[in-house]
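User: I am new to this structure and would like to go through it by question and answer. Please show it before we start.

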Amino acid sequence: MAESPAKALRRILDSPGVHLGPACFDALSAKLVERAGFDYCFTSGFSISAARLGLPDVGLISFGEMMDQGRQITQAVSIPIIADGDNGYGNAMNVKRTIRDAIQAGYAGIFLEDQVSPKACGHTRGRKVVPRDEAVMRIKAAIDARKESGSDIVIIARIDSRQAVSFDESLWRSQAFANVGADVLLIDALASREEMKAFCEIAPSVPKMANLLEGGGKTPILNPTELKDVGFKIAAYPLSLMGVSIRAMQNALTSIKGGQIPSHGSIPTFEEIKEIVGFNSYYEEEKRYATNTDQVSLQNDVPSSLARSDG
């Protein structure tokens, strides 16, 4: 029997070292992450909202849209995928539905925030969090929904109170979430290496996740050795793929507007693109189901200039 996505993710969490995970935003970016050799991948609500709607991550994208995107992503790859569950889309009962649908969508894990609705994107202004008791009940509801579903999906409790309230409040919530059964803890927007270290000392048996926002986030970008020394188990790079995609498309559009195609080396060959998307795998599998009719059709598709005899 094939290993479940959640079991694969738990195996990664149990293995030595710190494990790096880029954030994808669609099926193609997820396939690229897998082809690059990563063991797992995150989804980024910021990037999905940008790619799917062309809108900022401020709670405008819906629960249904996020789950639909998730199904496309998990079906495209074999590595475990961690969902961006935002704030669970409401109260504890909404959280339970979010967990059930995430399981059905094929996710290996999901992180849930303690923000109010509408939520704000991490590392941006305007973040507000729900009271302590409501935040704890959200995580408890997620754990209950997992048990009721007979699943082992990994529950990652994300704490946004570092910026919304205080660092001490974020530490209190981290311990409280660990006490009700969160599998992994994440404090978003930690502001220094010292804060990162203090966070990792809370509930030592619970793995810690670092959210390393590229290009100007609040959290220091530590290298893998430093992350391991501080105490982190997994690290997310939420905007790398979206950021370089935006810049690459801008550069390509500048070239085309100037009457040129993108420079050699900045664009894959057509053969490379076909391989990445899956044409070659499709053609190989298609051969298994070829019929005589297919062969006749292929022969009829040969250009007449090639089909003529030498005479």
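User: Over the face of which residue does R132 lie?
Analyst: In this predicted model, local features need pLDDT of at least 70 and side-chain atom pairs 80 or more, while totals for chains, interfaces and linings use all residues. A charge counts as over a ring if NZ of Lys or CZ of Arg is within 6 Å of the ring centre and within 35 degrees of the ring normal. R132 meets this at 3.8 Å from the ring centre, and the ring is that of W172.

User: Which ring does K208 lie over?
Analyst: Numbering starts from 1 along each chain as its sequence is written, and side-chain values use heavy atoms, without hydrogens or water. K208 is placed 6.0 Å from the centre of a ring and over its face, and that ring belongs to F199.

User: Is R173 buried or exposed?
Analyst: R173 is part of helix 8, residues 167-179; helices (H or I, at least four residues) and strands (E, at least two) are DSSP runs, numbered from the N terminus. Buried means under 20% relative accessible area, exposed over 50%, and partly exposed in between, with a 1.4 Å probe and protein chains only. R173 has a relative accessibility of 4%, so it counts as buried.

User: What does R173 touch beyond its sequence neighbours?
Analyst: Contact means heavy atoms within 4.5 Å. Residues up to four places away in sequence are not counted, and the residues that R173 then touches are D114, V129, V130, P131, R132, A135, I159 and S161.

User: How many helices and strands does the protein chain have?
Analyst: The C-alpha trace of the chain spans about 90 × 50 × 35 Å along its principal axes. Of its 311 residues, 44% are buried. Of the contacts with a separation of 6 or more, 72% are between residues 24 or more positions apart. The secondary structure comes to 15 helices and eight strands.

User: Which elements do the buried residues of helix 5 pack against?
Analyst: Helix 5 takes in residues 92-104 and reaches 19 Å from its first C-alpha to its last. Its buried residues are V95, K96, T98, I99, D101 and A102. After the helix comes G106, whose phi is positive, near 95°. The packing partners of the buried residues are helix 4 (63-76), strand 4 (109-113), helix 6 (132-149) and strand 5 (154-159).

User: Which residues have the most contacts inside the largest nonpolar core?
Analyst: A nonpolar core is a set of buried Ala, Val, Leu, Ile, Met, Phe, Trp, Tyr and Cys residues joined through side-chain atoms within 4.5 Å. The largest has 54 residues, and those with the most contacts inside it are I99, F177, L185 and L227. Helix 6 gives the largest share of this core, seven residues. A second, separate core has 16 residues, including L9, A108, F111 and V154. To return to the residues asked for, they are I99, F177, L185 and L227.

User: What is I99 in contact with?
Analyst: I99 is one of the buried residues of helix 5. Leaving aside neighbours within four places in sequence, the residues in contact with I99 are I110, L112, A142, A145, R146, I153 and I155.

User: Which residues do ring pairs link into a cluster?
Analyst: Rings of Phe, Tyr and Trp (its six-membered ring) pair if their centres lie within 6.5 Å; planes under 30 degrees apart are stacked, over 60 edge-to-face, and the rest tilted. The whole structure has six aromatic pairs. One of them, Y40 with F42, is edge-to-face, at 5.3 Å centre to centre and 70° between the planes, and both residues are buried. The cluster linked by ring pairs consists of Y40, F42 and F111.

User: What is the angle between the planes of F279 and Y283?
Analyst: F279 and Y283 are four residues apart in helix 13 (residues 279-286), so about one helical turn separates them. F279 is partly exposed because its relative accessibility is 38%, and Y283 is partly exposed with a relative accessible area of 38%. Their rings form a tilted pair, 6.1 Å centre to centre, with an angle between the planes of 50°.

User: What is the phi of D86?
Analyst: Most residues other than glycine have a negative phi. D86 is in the loop between strand 3 (81-84) and helix 5, and it counts as buried because its relative accessibility is 4%. Its phi is positive, near 50°.

User: Which residue is joined to P118 by a cis peptide bond?
Analyst: Most peptide bonds are trans. P118 is in the loop between strand 4 and helix 6. The cis bond has an omega of about -5°, and the residue it joins to P118 is S117.

Notes. The expected span of a helix is 1.5 Å times one less than its number of residues.
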